[in-house]
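Let's walk through this protein together with a few questions and answers. Here is what we'll be looking at.

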Amino acid sequence: MEDALEPEKKRTRGLDTVTKIATSQSRAPAITARTQTQNQITAPKVPKKTGPRCSTAIAMVLKNQKSGPAVPAQKPGAAAPPMVGGRKPTKRPAWDLKGQLCDLNAELKCCRERTQTLAQENQQLQDQLREAQQQAKARGAECRTLEGELARVQAQAEQGQQELGSLRARVLELEEQQCTQEGLLRELQKEQLGLQEERRGLAARLEEQERRLQASEAALSGSQAEVASLRQEATGQAALLVEQGERLHGLEMERRRLHNQLQELKGNIRVFCRVRPVLPGEPTPPPSFLLFPSGPGGPADPPTRLSVSRCDERRGTLSGAPAPATRHDFSFDRVFPPGSRQDEVFEEIAMLVQSALDGYPVCIFAYGQTGSGKTFTMEGGPGRDPQVEGLIPRALRHLFSVAQELGGQGWTYSFVASYVEIYNETVRDLLATGPRKGQGGECEIRRAGPGSEELTVTNARYVPVSCEKEVEALLHLAHQNRAVARTSQNERSSRSHSVFQLQISGEHTGRGLQCGASLNLVDLAGSERLDPSLALGPGERDRLRETQAINSSLSTLGLVIMALSNKESHIPYRNSKLTYLLQNSLGGSAKMLMFVNISPLEENVSESLNSLRFASKVNQCVIGTAQANRK
């Protein structure tokens with residue numbers, strides 16, 4: 001049994017030996033391939049920019065690698081048969097394991113020798129490669145240094161070219177300047193010759209001037225004496241001018257005193273009566289209806305009396321004949337017949353208006369029934385005809401003119417205007433624009449400050465004015481905003497009291513004087529008696545309320561004037577918005593004038609008589625002496 005298994009064990013050991021040899025044989029080509037791969041990977045690491053010597057070394061290394069013996073790749077486990085007589089060896093039989101083992105050992109020895117040889121060559125090539133890389137690095141550094149030096153040299157060359165170009169341009173410029181200077185030198189030489197000639201002429205003239213200077217010095221000594229005399233005379237003139245200024249100021253103060261005295265002699269409450277002309281389409285009254293008797297001096301004197309004739313058809317004689325006409329005579333400070341012009345009316349009140357510049361409060365009313373010409377008297381007619389301008393634009397033009405004349409004496413004036421209306425005891429701003437237009441609930445009469453006597457209207461516009469055009473614009477705006485309505489007496493009747501106020505402030509800085517006053521120009525609403533027999537519709541009820549408010553305020557105005565005349569302790573200013581607003585212009589320190597306007601028509605005789613009787617009562621009042629507001 002053991003003898004039978006022995007050959008089998010030998011065969012197994014033989015197969016193991018063959019397998020080991022085949023494995024060793026397969027490792028040799030792998031080592032060779034790995035060595036070639038390392039050489040191929042190491043070769044591309046040479047820098048791109050290398051010198052000639054570096055390129056030569058790398059080429060030699062690559063050539064040595066290519067010339068090395070190549071080991072043919074063999075399949076594992078296949079042993080090459082030995083060469084016999086240079087011929088291809090014959091293949092050993094499969095059973096000749098010992099011969100195959102000898103062949104494999106011989107081949108393994110040969111591969112080891114070749115591997116050792118290739119390792120030595122590889123080490124030499126790596127040494128050469130390292131040396132070549134070091135040389136390449138040195139050459140690269142040297143190349144970069146040379147390139148930097150080359151760039152610097154090129155930059156220096158370019159800079160040198162630029163400097164050379166600039167030097168050439170400078171040379172051309174200097175050559176041009178040289179040519180210019182040479183031309184200028186020639187001109188200067190010519191000018192020098194001319195100046196030498198001129199110098200000789202000036203030397204001659206200098207001698208002549210010296211002779212004349214001596215004569216002038218002699219005349220100057222005489223002029224100095226004359227100047228000294230003129231200075232003394234100028235000093236005397238300056239002293240005289242100061243004296244004249246003082247005298248002029250004294251005369252101005254005297255003029256103001258005499259002017260105020262004249263106005264006081266005429267009365268601090270004056271009443272003028274004006275009869276409007278008959279309008280087209282109205283019946284012509286009889287000649288005896290209105291008479292204007294002549295004054296004490298004859299027809300040359302302005303009329304001051306008015307006689308009204310009234311026929312009462314309800315009265316009659318026993319024989320049935322109509323009763324004779326009843327005449328009513330009235331006397332005022334001045335009466336203006338229907339033909340009186342606007343400039344004649346203003347001429348009579350111009351001095352009163354000027355009192356406002358002197359510091360005296362002035363108030364001018366226009367009173368009368370509806371359609372009697374109050375608005376025409378105060379504001380003027382339609383359009384911009386200067387012939388029909390009212391008292392308001394004429395008064396402001398006069399004040400501007402006089403203020404400009406007083407400016408030559410050192411006075412400076414400022415003017416601030418406001419325009420309000422009192423409708424049904426409600427104050428409205430006639431100068432309001434935009435959303436506030438026509439609204440009166442926001443306007444109230446208040447004191448200007450604690451302890452102040454000056455009154456102001458809250459939320460009303462106070463507009464500084466300095467010329468006629470500004471005043472015209474304000475009057476036009478106020479005319480559009482004023483409350484009017486159609487009545488039995490007038491197509492466009494003013495249903496409110498309009499009050500134009502001008503605050504005047506004056507100052508004389510040289511003497512430290514100040515004065516201030518207000519000018520009030522009031523267009524009262526039409527006064528009419530109520531007819532209880534009229535049937536009242538919705539529109540008539542509004543007119544009734546308006547008429548009641550108008551008559552109540554006019555009645556309060558009469559009570560205030562009577563109380564001032566009687567020196568009563570309580571003056572009912574607060575009974576009406578009109579008298580409350582004007583209280584500072586109605587008292588003893590103010591000057592007041594009332595225009596009573598009446599209609600020339602016989603059908604309005606009842607209302608005309610009522611207006612004339614009211615004006616006569618006012619004309620009989622005396623409210624004392626006016627005082628100027630000066631500081």
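Q: In strand 4, which residue is the bridge partner of Val308?
A: This is a predicted model, where local features need pLDDT of at least 70, side-chain atom pairs count only at pLDDT 80 or more, and totals for chains, interfaces and linings use all residues. Residues are numbered from 1 along each chain as its sequence is written, and side-chain values use heavy atoms, with hydrogens and water left out. Strands here are DSSP runs (E, at least two residues), as helices are (H or I, at least four), numbered from the N terminus. Look across from Val308 into strand 4 and you land on His328.

Q: How many bridges pair strand 3 with strand 4?
A: Two strands count as paired if DSSP finds at least two bridges between them. Strand 3 (residues 305-310) and strand 4 run antiparallel, and their bridges number six.

Q: What angle does the direction of helix 10 make with that of strand 3?
A: Helix 10 (residues 605-619) packs on the sheet and touches strand 3 and strand 4; touching, or contact, means heavy atoms within 4.5 Å. Axes are lines fitted to C-alpha atoms, for helices over the stretch in contact, and angles run from 0 to 180 degrees between N-to-C directions. For helix 10 and strand 3, that gives about 145 degrees.

Q: Why is strand 14 largely enclosed by the rest of the structure?
A: Buried means under 20% relative accessible area, exposed over 50%, and partly exposed in between (1.4 Å probe, protein chains only). Strand 14 (residues 497-508) is largely enclosed because its buried residues number nine of the 12.

Q: Which residue in the turn between strand 14 and strand 15 has a positive phi?
A: Strand 14 joins strand 15 (residues 513-523) through 11 bridges, running antiparallel. The two form a hairpin with four residues between them, and the turn residue with a phi of about 70 degrees is Gly512.

Q: Which element gives the most to the lining of the second largest cavity?
A: On a 1 Å grid over the protein atoms alone, a cavity is a set of points where a 1.4 Å probe fits but cannot get out, and lining residues have an atom within 4 Å of a point. Ile422 and His497 are among the lining residues of this one. The biggest share, four residues, comes from helix 8.

How values were computed
On a 1 Å grid over the protein atoms alone, a cavity is a set of points where a 1.4 Å probe fits but cannot get out, and a pocket is an open set with protein on both sides within 12 Å along at least five of seven lines; lining residues have an atom within 4 Å of a point.
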